[in-house]
Amino acid sequence: MSEQMPTRARTLKGLGLSLLAAAVLLVTLVLPAEYGIDPTGIGKALGLTALKATAPAPAQTVVMQDVIGGNEGLTTVQLGDGRDPVPLPNPAVNQDEPQAPHTETLKIQLGVDEKTEVKAKLSKGKMILYSWSVEGGKVYVDFHGHDPSLGDKFWVRYEEADGITGRNGSLVAPFKGEHGWYWLNVSDKPVMITLTVTGYQDKLVDYGRLQ
Amino acid sequence: MKRRWAGLAWLTIILLPSLAFAHGVAGKDASYLQQVDGVRLIPFLYLGAKHMVTGYDHLLFLAGVIFFLYRLRDVALYASLFALGHSLTLMGSVLLGWRANAHLVDAVIGLSVAYKAYENIGGFKALGITLDGRLAVLGFGLVHGLGLATKLQELSLSPNGLALNMVGFNVGVELGQLAALTLMVLLFALWRSTPSFERSARGANLLLMTAGFVLCGYQLAGYWIT
């Protein structure tokens with residue numbers, strides 16, 4: 001192999017030299033540059049720790065919520081090195097609409113123990129932002145959705161709360177139908193509810209006072 | 001000292017393709033792999049080949065393996081054993097969902113480079129240890145396959161068409177290995193024909209061993225801090 005026969009001492013010396021060289025390279029160059037670990041300060045003196053500081057963020061994984069369906073098979077997305085955009089496996093989380101969202105505002109007066117319902121007609125997957133507040137007292141609310149084509153028995157509840165004075169939020173319709181609020185005045189005086197809905201509702205329907 | 005630099009120069013030339021690239025599947029390749037849904041044989045084949053040709057850890061190991069293989073038949077035998085080993089674990093772990101820690105696997109891959117270089121300087125023989133080189137290359141082939149698999153498993157690949165895609169990736173790895181080996185065998189033949197080969201071989205293998213230990217330490221540190 002070489003002019004000298006490999007002896008035990010010579011090969012062990014080679015092993016030792018390699019280990020030593022590797023240790024020196026690791027501690028002074030590789031670890032400072034790759035991880036910012038710099039026990040000797042040589043990495044900093046050579047400007048290598050700056051590599052770590054300015055390096056693009058390491059690959060990250062983002063967990064995706066299955067907001068409107070279609071993500072069942074792909075709940076995580078690798079974010080790559082931060083230079084290239086990552087195509088989302090389910091681009092339906094962004095919905096193109098031909099028109100701007102519209103805003104509807106309603107004011108409803110409710111006497112003591114009176115109740116009413118206001119609902120947004122929504123197609124499946126359409127989104128609304130809502131905000132409502134009560135002046136003069138507190139109400140019980142049942143925020144729910146219902147598909148009229150399936151009869152009156154089918155409905156799902158998003159939120160039920162008692163003795164509150166307002167809520168803000170958003171909703172993506174899980175199915176086509178009417179999605180809205182049942183309000184009951186639980187105060188001992190009349191109240192005024194102001195509701196604003198912005199989004200892609202077909203329209204807001206005021207059912208008036210219920211018996 | 002001079003012969004050591006000659007060894008360094010030759011090693012650099014032989015391993016040049018891998019020095020230009022970073023390792024791992026990253027950037028647009030990673031995003032491509034993740035949006036694939038269904039069989040895409042050729043792209044997976046290409047990425048497998050690219051991964052091998054640009055993977056310095058695999059190339060360092062191959063360089064160590066063929067360092068003293070003078071006959072093409074031996075190169076073919078050792079390369080086939082290596083291919084058998086890494087195909088088994090690459091296909092097995094991706095398809096069956098076995099998962100190894102990428103840092104630890106890559107640390108062992110670094111050790112495999114150091115092991116081969118130490119064997120090349122006659123280290124094991126001098127210690128009275130006899131190892132079957134064919135078994136070792138098969139065994140380390142299994143570990144290199146795990147390493148290839150962990151890179152793919154970091155991505156969320158669609159199960160749709162995965163088996164065939166993996167066959168494509170694996171065939172690509174073998175083609176990439178063949179391309180890299182061809183170039184390396186030619187360059188080694190060229191190097192061996194120079195008078196400096198005998199004298200610089202030990203220095204070159206010490207450099208290989210150092211590189212192996214650096215890779216190992218780099219990955220162990222990565223394991224430690226993550």
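Two residues are in contact when they have heavy atoms within 4.5 Å of each other. With that in mind, look at chain A: of its contacts with a separation of 6 or more, 68% join residues 24 or more positions apart. Keep in mind as you explore that this is a predicted model.

**Chain A as a whole**

- Chain A has 3 helices and 11 strands.
- Reading from the N terminus, the order of its elements is α-α-α-β-β-β-β-β-β-β-β-β-β-β.
- Chain A has 211 residues, and 34% of them count as buried.
- Its accessible surface is about 12,300 Å², and carbon and sulfur atoms make up 57% of that.

**Helix α1 of chain A**

- Where does helix α1 (residues 8-35) of chain A bend? A kink of about 50° is centred on Leu26(A).
- Leu26(A) is also one of the buried residues of α1(A), a list that includes Arg10(A), Gly14(A), Ser18(A) and Ala22(A).
- Here is a handy rule for reading such a list: an α-helix has 3.6 residues a turn, so residues three or four places apart point the same way.
- Further along, the buried residues of α1(A) include Val30(A), Leu31(A), Pro32(A), Ala33(A) and Tyr35(A).
- After α1(A) comes Gly36(A), with a positive phi near 75°.

**A loop residue in chain A**

- Asp113(A) sits in the loop that links β3 (102-110) and β4 (115-122) of chain A.
- Although Asp113(A) is not a glycine, its phi is positive, at about 65°.
- Is Asp113(A) buried or exposed? Its relative accessibility is 57%, so Asp113(A) counts as exposed, the cut-off being over 50%.

- Ser87(B) belongs to helix α5 (residues 72-96) of chain B. Its relative accessible area is 19%, and because buried means under 20%, Ser87(B) falls in that class.
- The side chain of Ser87(B) comes to 2.7 Å from the backbone oxygen of Ala83(B).
- Beyond its neighbours within four places in sequence, Ser87(B) contacts Gly92(B), Asn170(B) and Glu174(B).
- Helix α6 (residues 102-120) of chain B has 19 residues, which at 1.5 Å a residue should span 27 Å.
- Of the 19 residues in α6(B), 15 are buried, so the helix is mostly covered.
- At the start of α6(B), a side-chain oxygen of Asn101(B) lies within 2.9 Å of the backbone nitrogen of His103(B). Following α6(B) is Gly122(B), whose phi is positive, near 80°.

**Gly212 in helix α10 of chain B**

- Gly212(B) is found in helix α10 (residues 196-225) of chain B, and it is buried, with a relative accessible area of 0%.
- Which residues does Gly212(B) touch, not counting those up to four places away in sequence? They are Gly110(B), Leu111(B), Val113(B) and Ala114(B).
- Gly212(B) and Ala107(B) are 105 residues apart in sequence, yet their C-alpha atoms are 8.8 Å apart in space.

**The nonpolar cores**

- The largest nonpolar core has 69 residues, and those with the most contacts inside it include Phe67(B), Leu90(B), Trp191(B) and Met209(B). The element that gives the most to this core is α10(B), with 11 residues.
- Another core, of 23 residues, lies apart from it and includes Val141(A), Ala173(A), Trp183(A) and Leu204(A).

Key: Residues numbered from 1 in each chain as written. Chains lettered and ligands numbered in written order. Predicted model: local features only at pLDDT ≥ 70, side-chain atom pairs only at ≥ 80, totals over all residues. Heavy atoms only, no water. Helix = DSSP H or I, 4+ residues; strand = E, 2+ residues; numbered from the N terminus. Buried < 20%, exposed > 50% of the residue type's maximum accessible area, 1.4 Å probe, protein only. Bend = angle between axes of the 7 residues up to and from the residue. Polar contact = N/O pair within 3.5 Å; in protein donor to acceptor, adjacent residues only side chain to side chain. Areas by Shrake-Rupley, 256 points an atom, 1.4 Å probe, with all protein chains shown as cover. Expected span 1.5 Å × (residues − 1). Core = buried A, V, L, I, M, F, W, Y, C linked by side-chain atoms within 4.5 Å.
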